[in-house]
Amino acid sequence: MTTLASGQVIAAQYELVRPLASGRDGTTWLARDLQHGRNVVLQFRSAGDAAGERVRNIVQHPALLAPIATQDESGSVLDVFEYLPGGE
């Protein structure tokens, strides 16, 4: 996974604003969707995260957000989620 920084544009569409979380499965950033003019959450995870991929494909629940988009970005997988502000 490449180094990420605020202001960096990912996939020619998402401008990184600030990190939200980091852990074993990857990093999560608040970003601005430049194409649609909205805030989104980007989750970067290892391309080799086969177990996580299976869970994402199986788990469906009204309280869980489904990715808006998923893209491969230089050795990692990028999941894009709607941003729901609160508790910050």
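Let's start with the loop between strand 1, residues 9-10, and strand 2, residues 14-23: Ala-11 is found there. Ala-12 lies in that loop too. Keep in mind that this is a predicted model. Now look at the backbone. Phi of Ala-11 is near 55°, a positive value in a residue other than glycine. Ala-12 also has phi near 55°, again positive and again not a glycine. What about exposure? Ala-11 has 27% relative accessibility, so it counts as partly exposed. Ala-12 is at 77%, and therefore counts as exposed.

Next, the core. Which residues make up the largest nonpolar core? There are 11: Leu-4, Ile-10, Tyr-14, Leu-16, Trp-29, Ala-31, Val-40, Leu-42, Phe-44, Leu-78 and Val-80. Strand 2, strand 3 (26-33), strand 4 and strand 6 are the elements that give two or more residues to this core. Strand 4 provides the largest share, with three residues. As background, nonpolar side chains in soluble globular proteins tend to be buried together.

Stay with one core member, Trp-29.

Now strands 4 and 6. Strand 4 covers residues 38-46, and seven bridges join it to strand 6. The two run antiparallel. For a specific pair, take Val-41: its bridge partner in strand 6 is Phe-81. Strand 6 itself spans residues 76-82 and is mostly covered, with six of its seven residues buried.

Last topic: charges. How many salt bridges are there? The count comes to two. One joins Asp-79 and Arg-45, with the closest N and O atoms 2.7 Å apart. Asp-79 lies in strand 6 and Arg-45 in strand 4, so this pair ties together parts that are 34 residues apart in sequence. Are these two residues buried or exposed? Asp-79 is buried, and Arg-45 is buried as well.

The other salt bridge is between Asp-33 and Arg-38. Here the closest N and O atoms are 3.6 Å apart. Asp-33 has 1% relative accessibility, so it counts as buried. Arg-38, at 34%, counts as partly exposed.

Note on methods
Residues are numbered from 1 along each chain as its sequence is written. This is a predicted model: local features need pLDDT of at least 70, side-chain atom pairs count only at pLDDT 80 or more; totals for chains, interfaces and linings use all residues. Side-chain values use heavy atoms; hydrogens and water are left out. Buried means under 20% relative accessible area, exposed over 50%, partly exposed in between (1.4 Å probe, protein chains only). Helices (H or I, at least four residues) and strands (E, at least two) are DSSP runs, numbered from the N terminus. Two strands pair if DSSP finds at least two bridges between them. A nonpolar core is a set of buried Ala, Val, Leu, Ile, Met, Phe, Trp, Tyr and Cys residues joined through side-chain atoms within 4.5 Å. A salt bridge is a side-chain nitrogen of Lys or Arg within 4 Å of a carboxyl oxygen of Asp or Glu.
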